[in-house]
Amino acid sequence: VQYAASLLKDAGPVAVIVSPELSQEEAELLKQVAGLLGSEGCLVFRCEKPAFDDDELLISSDRFPNQQGLQVLGMRSADGPPVDCSLAIVAGCDPAAAGPQWADWLEGLDGLLVLDSHKTVTAAYADCLLATATHFESGGTFINKDGLRQSFEAAIPPPGDAVEGRVALGWLVEELGSAAGASAPP
């Protein structure tokens with residue numbers, strides 16, 4: 001976490017690319033990180049929708065439980081890489097697997113912090129990797145497609161020394177806040 005903070009703290013604009021599979025707490029902490037870095041470039045990385053239709057009852061073609069929550073936080077959907085940033089934070093998604101334009105963009109960055117629970121193509125580009133617990137090993141909330149906040153609990157504990165994404169991000173907010181002389185949230 002200290003290395004991640006040192007990588008980011010003196011950076012110019014930092015792109016924050018998140019997955020709509022993250023919890024609302026993780027997304028809020030990523031927005032705090034962006035704010036501490038003076039970056040408002042929060043993006044939602046949106047994967048392709050499945051090739052089936054909603055039935056408006058039980059089947060939803062939206063496979064991302066917190067897409068609505070990210071929009072509430074002011075994040076936007078992006079199909080391509082952001083411009084005018086030299087560093088990026090990628091959390092819970094794999095933009096490099098989405099096509100060569102993303103891989104080329106990642107290759108050209110001065111620094112990349114990746115937070116993920118799985119080995120991804122994007123992780124190979126990382127200057128710093130914070131391994132986080134899966135959503136099965138974490139608790140939190142999301143805002144569903146109807147705008148309702150729903151909570152979920154961890155089904156199993158994280159293995160070994162793994163921590164929930166919101167814990168790792170809380171440490172990063174604290175580290176960046178102390179580096180900036182700001183008070184970190186409790």
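**Notebook: cores and salt bridges**

I looked up the largest nonpolar core first: it has 31 residues, of which Leu8, Val18, Leu30, Met75, Ile89, Leu113 and Leu172 touch the most other members. A nonpolar core here is a set of buried Ala, Val, Leu, Ile, Met, Phe, Trp, Tyr and Cys residues joined through side-chain atoms within 4.5 Å. Two or more residues come from each of several elements, including helix 1 (2-9), strand 1 (14-18), strand 5 (111-116) and helix 5 (165-179). Helix 2 gives the most, 5 residues. Helices (H or I, at least four residues) and strands (E, at least two) are DSSP runs, numbered from the N terminus.

The model is predicted; local features need pLDDT of at least 70 and side-chain atom pairs 80 or more, while totals for chains, interfaces and linings use all residues. Numbering runs from 1 along each chain as its sequence is written, and side-chain values use heavy atoms, without hydrogens and water.

I then checked Leu113. Leaving aside neighbours within four places in sequence, Leu113 is in contact (heavy atoms within 4.5 Å) with Ala4, Leu7, Leu8, Ala88, Ile89, Val90, Cys128, Leu130 and Leu172. Another core, of 16 residues, lies apart from the largest one; Ile17, Leu43, Ala78 and Val114 are among its members.

I counted 2 salt bridges (a side-chain nitrogen of Lys or Arg within 4 Å of a carboxyl oxygen of Asp or Glu). Glu28 and Arg149 form one at 3.9 Å, N to O. Glu28 is in helix 2 and Arg149 in strand 8 (residues 149-152), so this pair ties together parts 121 residues apart in sequence. Glu164 and Arg166 pair at 2.8 Å, N to O. Glu164 is buried at 19% relative accessible area, and Arg166 is partly exposed at 29%. Buried means under 20%, exposed over 50%, partly exposed in between (1.4 Å probe, protein chains only).
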